[in-house]
Amino acid sequence: MKSLYIHIPFCKSICSYCDFAKMFYNEFLALSYLDELSNEVNNNYKQDMLETIYIGGGTPSILSKKELNKLFSITNKLNIEPNYEFTIEANIADINEDFLKLCKNNKVNRLSIGIETINDKFYKFLNRENNIEDIKNKILLAKKYFSNINIDLMYAFPNETMKDLKCDLDFFKSLDVEHISIYSLIIEENTKLYIDGIKPISEELDREMYYYIIDYLENIGYKHYEISNFSLPGKQAIHNTNCWEQKEYLGFGAAAHSYFDMKRFSNTDSLHKYLSESFEKIRIIDEVQNIEEQEKEFMMLGLRKIDGVKIDAFKNKFGKNPIFLFRKEIQKLVEQGLLEVDLNQIRLTRKGLDLANIVWEEFV
């Protein structure tokens, strides 16, 4: 087991686009939740040496100092490798000296901060609170304690122009962080945007924005290493990369997912059930894979990475050459200009980046 994820479902406010498992913060529920989380970890973590830990949400940074200490009392019992990556998600509003010191003193070495945009007209649209000076000051403060920071950029808002996007990118450039994740706005069911009838922008404009972001970030020194992720050299997200390389991981907390023994599991997303029912009832098996399904998934996940699937890695895991195993699929996608193959790699072309769903469907 290489990686472990912990879900904290509490938020101060609910973003209009978010369909993750979350609820408004409540001190009593937060303390009860952390008690149950501790029980779940104690009863199911088997002392594996971990390469990565990731605390996501929700908004983990919204927890009080007392609650964060309780959370870190759980993670401090985990066995971690010397060159580990330990990420916690944070909102700009929650970043202060006490929070940063507490994280640093409890082995966190990477922050992931949701900024999304600096455009005022989109703050309200997203139901978020931010301001440019606060973001600058908080990132500068965070850099005093951490040398590995990710920030999230969202694009493809209704009525967003290329000029709007460039303003966001220029600002993100000025922050000089190690990692940037990008997200095209998707109108998910059960979100305020969906209920309000908001429609996505055209596929053509979305595509134009995506390629503009790629060119912009590559030109200032970021490596585009996965469809939605960019990093400075040596700062790729190890936790996510492990998932794309089909390595096993454990997930704890409401709505958390796990993958091991060729099975995918998910915890209930109901906080009431998570707090009141036994572990056997809150975790269900979503999928039991056979070898063929695992091979196809390895291809699908690996083709998220810009470097694609390494043929040697596939051979080492499955004892087969993917070029021959998937010759019909690969030949079809190469002829369509969506894949390219060299001596040890199968990867998306630039056209394939835009039509990745078509590629992945060949391996589902």
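This is a predicted model: local features need pLDDT of at least 70, side-chain atom pairs count only at pLDDT 80 or more; totals for chains, interfaces and linings use all residues.
Which residues line the largest cavity?

1. Residues are numbered from 1 along each chain as its sequence is written, and side-chain values use heavy atoms, with hydrogens and water left out.

2. Back to the opening question: the largest cavity is lined by Ile53, Thr75, Asn76, Ile80, Phe86, Asn106 and Lys107. Its volume is about 40 Å³. A cavity here is a set of points, on a 1 Å grid over the protein atoms alone, where a 1.4 Å probe fits but cannot get out; lining residues have an atom within 4 Å of a point. Sorted by class, that lining has three nonpolar, three polar and one charged residues. (Ala, Val, Leu, Ile, Met, Phe, Trp, Tyr, Cys and Pro count as nonpolar, Asp, Glu, Lys and Arg as charged, and the others, Gly among them, as polar.)

3. Phe86 turns up again in an aromatic pair with Phe72: the ring centres are 6.4 Å apart and the planes stand at 75 degrees, so the pair is edge-to-face. (Rings of Phe, Tyr and Trp, the last by its six-membered ring, pair if their centres lie within 6.5 Å; planes under 30 degrees apart count as stacked, over 60 as edge-to-face and the rest as tilted.) Phe72 sits in helix H2 (residues 65-75) and Phe86 in strand E5 (residues 79-91), 14 residues apart. Helices (H or I, at least four residues) and strands (E, at least two) are DSSP runs, numbered from the N terminus.

4. Two backbone spots are worth a look. Gly57 and Gly58 are joined by a cis peptide bond, with omega about 25 degrees, and Gly58 is in the loop between strand E4 (49-57) and H2. Asp176 is not a glycine, yet has a positive phi of about 55 degrees; Asp176 lies in the loop between helix H6 (162-175) and strand E8 (179-184).

5. Now the hairpins. Strands E12 (residues 257-260) and E13 (residues 263-267) run antiparallel and are joined by four bridges; two strands pair if DSSP finds at least two bridges between them. His257 faces Ser266 in E13, and Asp261, in the two-residue turn of this hairpin, has a positive phi of about 55 degrees. E9 and strand E10 (residues 229-231) also pair in the antiparallel sense, over three bridges, with Lys223 opposite Ser231 in E10.

6. Further along, three strands make an open antiparallel sheet in the order E15-E17-E16. E15 (309-310) and E16 (339-341) are at the edges, each with a single partner strand, so one side of each has no neighbour in the sheet. E15 pairs with E17 (residues 345-348) over two bridges, and Lys310 stands opposite Gln345 in E17.

7. Finally, the second largest pocket has a volume of about 290 Å³. (A pocket is an open set of grid points with protein on both sides within 12 Å along at least five of seven lines.) It has 14 lining residues, and those closest to its centre are Thr241, Glu245, Lys305, Gly308 and Lys310. E9 (223-226), E15 and helix H13 (311-318) each give two or more residues to the lining. By class, the pocket lining has four nonpolar, three polar and seven charged residues.

Methods: Grid points are joined across faces, edges and corners, and a volume is the space filled by probe spheres set on the points.
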